[in-house]
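This report describes how the parts of one protein chain pack together. Please look at the sequence and the structure before reading on.

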Amino acid sequence: MIIKCYEIFGRLSPKLTNEIFAHLLENEKPVYKAMIQNIATRRKLRPVFIERKPRDERHDWLKQALSM
């Protein structure tokens with residue numbers, strides 16, 4: 001059985017998800033910024049609005065977007 005990437009993110013634990021996003025934030029800022037921009041576009045928000053959210057809430061939004 002082949003699992004799609006969005007299915008993988010949907011099944012990850014919150015702890016592992018936060019570790020992945022924390023790594024991206026610290027080491028891969030352009031990738032992290034691109035994800036924020038993508039979510040902002042989908043939700044018709046400004047990226048600054050998402051960036052100002054608490055880290056856990058922001059990572060929940062990222063996980064939801066990557067799980068679709």
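Two rings of Phe, Tyr or Trp (its six-membered ring) count as a pair if their centres lie within 6.5 Å; planes under 30 degrees apart make the pair stacked, over 60 edge-to-face, and the rest tilted. By this rule the structure holds two aromatic pairs.

The model is predicted, and local features need pLDDT of at least 70, side-chain atom pairs count only at pLDDT 80 or more, and totals for chains, interfaces and linings use all residues. Residues are numbered from 1 along each chain as its sequence is written, and side-chain values use heavy atoms, with hydrogens and water left out.

**Aromatic pairs**

| Pair | Centre to centre | Angle between planes | Type |
|---|---|---|---|
| Phe9 and Phe21 | 6.2 Å | 10° | stacked |
| Phe49 and Trp61 | 6.3 Å | 45° | tilted |

Helices are DSSP runs of H or I with at least four residues, numbered from the N terminus. Phe9 belongs to helix 1 (residues 5–11) and Phe21 to helix 2, so their pair ties together parts that are 12 residues apart in sequence. Phe49 is in helix 4 and Trp61 in helix 5, so this pair too joins parts 12 residues apart in sequence.

Burial is judged by relative accessible area: under 20% is buried, over 50% is exposed, and values in between are partly exposed (1.4 Å probe, protein chains only). Phe21 is buried, at 0% relative accessibility. Trp61 also counts as buried, at 14%, whereas Phe49 is partly exposed, with a relative accessible area of 42%.

A charge sits over a ring if NZ of Lys or CZ of Arg is within 6 Å of the ring centre and within 35 degrees of the ring normal. The charged end of Arg43 sits over the ring of Trp61, 3.8 Å from its centre.

**Helix 2**

The expected span of a helix is 1.5 Å times one less than its number of residues. Helix 2 has 14 residues and reaches 20 Å from its first C-alpha to its last, close to the expected 20 Å. Its buried residues are Thr17, Phe21, Ala22, Leu24 and Leu25. They fall within an arc of 160° seen down the axis, so they line one face of helix 2; the arc is that of the directions from the helix axis to the C-beta atoms. The face turned away from this buried side carries the exposed residues Lys15 and Glu26. Among the elements that cover the buried residues of helix 2 are helix 1, helix 3 and helix 5.

**Helix 3**

Helix 3 (residues 29–43) has 15 residues and should span 21 Å; its end C-alpha atoms are 21 Å apart, which agrees. Which residues of helix 3 are buried? They are Tyr32, Met35, Ile36, Ile39 and Ala40. These cover an arc of only 135° around the axis, which puts them on the same side of helix 3. Pro30 and Thr41, on the other side, are exposed. The cover over the buried residues of helix 3 includes helix 2 (14–27), helix 4 (47–51) and helix 5 (55–66). Just after helix 3, Lys44 takes a positive phi of about 55°.

**The core**

A nonpolar core is a set of buried Ala, Val, Leu, Ile, Met, Phe, Trp, Tyr and Cys residues joined through side-chain atoms within 4.5 Å. The largest one has 14 residues, and those with the most contacts inside it are Phe21, Tyr32, Met35, Ile39, Ile50 and Leu62. Helix 2, helix 3 and helix 5 each supply at least two residues of this core, and helix 3 gives the most, with five residues.

Definitions and conventions: Contact means heavy atoms within 4.5 Å.
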